[in-house]
Amino acid sequence: MADFPILVTGGAGFIGSNLVDTLLARGYSVRVLDNLSTGKRENLPADGRVELIVGDVADAECVRQAVSGCRAVVHLAAVASVQASVDDPFGTHQSNLIGTLNLCEAMREAGVRRVLFASSAAVYGNNGEGQAIDEDTPKAPLTPYAADKLASEHYLDFYRRQHGLEPVIFRFFNIFGPRQDPSSPYSGVISIFTERAQKGLPITVFGDGEQTRDFVYVGDLVDVLVQALESPVVEEGAVNVGLNRATTLNQLLEAIGEVLGGLPAVGYQAPRAGDIRHSRANNARLLQRYRLPEPPTDMRDGLARLLGL
Ligand SMILES: NC(=O)c1ccc[n+]([C@@H]2O[C@H](COP(=O)([O-])OP(=O)(O)OC[C@H]3O[C@@H](n4cnc5c(N)ncnc54)[C@H](O)[C@@H]3O)[C@@H](O)[C@H]2O)c1
């Protein structure tokens, strides 16, 4: 296996580095292409089977080299912050769409077919709010981030029809777990809350805390990604990755308090403009195509692992 690595773009980031660990444990060798913009070298284990290429997915030649000789690709590299895309649409577009296109071209040239893609629930915008959102819900990307994710899906589908690529498109809801970076105000809410709670710093909730999210532990997501890599068949159509469970931010805070044995002061401020109030996946397609751990990782267990307890 060592001669034909799996390429993980964005492999030094939160989800990518968790995937790399699992791939190594399953005997694969791994090549990571990452520009280390939010990813970190230290997220990757010191293991001779991991090759790190520090480079940009917007650089077509670099992507060509990274794809060469790979057995399959997991495309996670992106500017994952929605707000960054609002502030710098052109810059983030290079990573979030041109990067995907570079990858499609490089795979076509190299004859590499299987690619998993990290799309996002953001492609639905506010549609389906308050219900379990299924994959056929009309798309309404509200930000450059969401527009680039949706356009990437369409390009991958074009390369499937025209050039025989085998894209598997996942729309992640809210993923949480170890190595999620809490350093930006736009980081995942769990990483920010847990970091502040651990340091005893006050926590700010935007809105009344009754907004809901569908949280998935990163280890459960990684299990699904590995199944999609190893499956002999690829079915058409994007797949939501969520648990069809709505957790309010107030419930999340309560769980963090239980795991840590207490919470610092929690303050409430006006909701952030553009924030979606409710987000929950209809995950029937996910359950039909893949096995989720039964039961999926419980919020409290996931939090304990994130907190290293
Ligand atoms: N975390 C979530 O809840 C969530 C939800 C929906 C979608 N996603 C998607 O999943 C993927 C992984 O997200 P994450 O949460 O691990 O974020 P992350 O920021 O930890 O990972 C992204 C990685 O991509 C790298 N990267 C960014 N731009 C690059 C470029 N131009 N060239 C090469 N590398 C580049 C970063 O350095 C980082 O290592 C992203 O595509 C993100 O949009 C994540």
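Author: Helices (H or I, at least four residues) and strands (E, at least two) are DSSP runs, numbered from the N terminus. This is a predicted model: local features need pLDDT of at least 70, side-chain atom pairs count only at pLDDT 80 or more, and totals for chains, interfaces and linings use all residues. Residues are numbered from 1 along each chain as its sequence is written.

Reader: OK, the ligand then. Which helix gives the most to the shell around the ligand?

Author: That's helix 1, with three residues.

Reader: How many bridges join strand 1 to strand 4?

Author: Four, between residues 6-9 of strand 1 and residues 72-75 of strand 4, and the two run parallel. To find one of them, look at V8: its bridge partner in strand 4 is V74.

Reader: Now a single residue. Where does K139 lie, and what is it in contact with?

Author: Contact means C-beta atoms, placed from the backbone, within 7 Å. K139 is in the loop between strand 5 and helix 5. Beyond its neighbours within four places in sequence, K139 contacts V123, Y124 and L150. V20 is another story: 119 residues away along the chain from K139, with 31 Å between their C-alpha atoms.

Reader: Why does K139 count as partly exposed?

Author: Because K139 has 18 C-beta neighbours inside 10 Å; 20 or more would be buried, 12 or fewer exposed, with C-beta atoms placed from the backbone.

Reader: Last one: what does the domain assignment of the chain give?

Author: The bounds come from an automatic or database assignment. Domain 1 covers 6-175 + 216-241, and domain 2 covers 176-214 + 244-283 + 297-306. Their C-alpha centres are 24 Å apart. Across the boundary, 24 residues of domain 1 are in contact with 22 residues of domain 2. On the domain 1 side, helix 1, helix 3 (82-87), strand 7 and helix 7 are the elements giving two or more residues.

Notes
Two strands pair if DSSP finds at least two bridges between them. Two residues are in contact if their C-beta atoms, placed from the backbone, lie within 7 Å.
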